Amino acid sequence: MVSSIHETIYFFPRDLRTASDRTPFLPDRVAKSIPFSSSKFPEILNHFSLKPQTREAEIMKRTIGVCEREAINGEQMFCVRSLESFIDLSIATLGKEIQLLSNQLSKETNNPLFTIARGMQDMGENELICHKERYPRAVFFCHSINKTTLYKVPLLGRDGTKANALAVCHKDTSAWSPKHIAFQILEVKPGTVPICHFLAKDTLAWVSN
């Protein structure tokens, strides 16, 4: 299987075989003093000196909407805007014995094509995936979905570059929307087969030790 480490690709478990953004976190005290809800969106735009109907405003509104959506069946979710809340809420979800993982690239490369190498590691199902959202300050959308396994996947670039990518396999997709892009790409229906995907480069994963 050939892929780019910078993309999220949906695939089946059988394909897991041999074959940035520096936006800073705000201090917790400052983050809590700035509104973060769709009901106070005009106040948020005023704080960041942005006008409505702009591309930046639309992106921010979309991020807030992601954080305010209802969790699907079997999902725990929250958004964090400070390093303190990022750590505290993750510990509250998984416990104190946890480690933080990310995609790793041995060196910069102009060739983004990689193949899966030997040595894939099953990191378990007690995981919390945190996606970097687009916002003027750091915002991570973190969630954990039942019956989801995290893998650390070694990759080898065509130019010899080595990388470790993170991938997850969702064993139960019955609660997902039938319109989810994964079902269109793989041409399957919700709840019929496990579905896997690599995590984007700015995505972080907490996992139990």
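A: A salt bridge is a side-chain nitrogen of Lys or Arg within 4 Å of a carboxyl oxygen of Asp or Glu. Side chains of opposite charge can pair when their charged atoms come close. In this structure R69 forms such a bridge with E75, with 2.7 Å between the closest N and O atoms. The model is predicted, so local features need pLDDT of at least 70 and side-chain atom pairs count only at pLDDT 80 or more, whereas totals for chains, interfaces and linings use all residues. Residues are numbered from 1 along each chain as its sequence is written, and side-chain values use heavy atoms, with hydrogens and water left out.

Q: How many salt bridges does the structure hold?

A: The structure holds 3 salt bridges. One of them pairs K32 with D28, the closest N and O atoms lying 3.0 Å apart. To place that pair, one needs the elements: helices (H or I, at least four residues) and strands (E, at least two) are DSSP runs, numbered from the N terminus. Both K32 and D28 lie in helix 1 (residues 28–33), 4 residues apart, about one turn of the helix. K32 is exposed, with 65% relative accessibility, and D28 is buried, with 18%.

Q: Which parts of the chain does the salt bridge of K171 and E125 link?

A: K171 and E125 have their closest N and O atoms 2.7 Å apart. The pair links distant parts of the chain, 46 residues apart: K171 is in the loop between strand 11 and helix 5 (181–186), and E125 is in the loop between strand 7 (121–124) and strand 8. K171 is partly exposed at 45%, and E125 is partly exposed at 40%.

Q: How many disulfides does a search of the whole structure find?

A: A disulfide is a pair of cysteine sulfur atoms within 2.5 Å. The search of the whole structure finds 3. With the bonded cysteines numbered in sequence order, the pairing is 1-2, 3-4, 5-6.

Q: What does the disulfide of C67 and C79 tie together?

A: The sulfur atoms of C67 and C79 are 2.0 Å apart. C67 lies in helix 3 and C79 in strand 3, so the pair ties together parts that are 12 residues apart in sequence. The link of C67 and C79 is left-handed, with -90 degrees about the S-S bond. C67 is buried at 16% relative accessibility, whereas C79 is partly exposed at 21%.

Q: Is the disulfide of C130 and C142 right-handed or left-handed?

A: The S to S distance of C130 and C142 is 2.2 Å. The torsion about their S-S bond is about 115 degrees, so the disulfide is right-handed. C130 belongs to strand 8 (residues 127–132) and C142 to strand 9 (residues 140–145), so the pair ties together parts that are 12 residues apart in sequence. C130 is buried at 0%, and C142 is buried at 0%.

Q: Where do C169 and C196 lie?

A: C169 and C196 are joined by a disulfide with an S to S distance of 2.0 Å. This pair links distant parts of the chain, with C169 in strand 11 (residues 162–170) and C196 in strand 12 (residues 195–198), 27 residues apart. The link of C169 and C196 is right-handed, with 105 degrees about the S-S bond. C169 is buried at 4% relative accessibility, and C196 is buried at 0%.

Q: Which residues of helix 3 are buried?

A: The buried residues of helix 3 are A57, I59, M60, T63, I64 and C67. Seen down the helix axis, they fall within an arc of 160 degrees, so they line one face of helix 3; the arc is that of the directions from the helix axis to the C-beta atoms.

Q: What do the buried residues of helix 3 pack against?

A: Contact means heavy atoms within 4.5 Å. The buried residues of helix 3 pack against helix 2 (41–47) and strand 3 (75–80).

How values were computed: Buried < 20%, exposed > 50% of the residue type's maximum accessible area, 1.4 Å probe, protein only.
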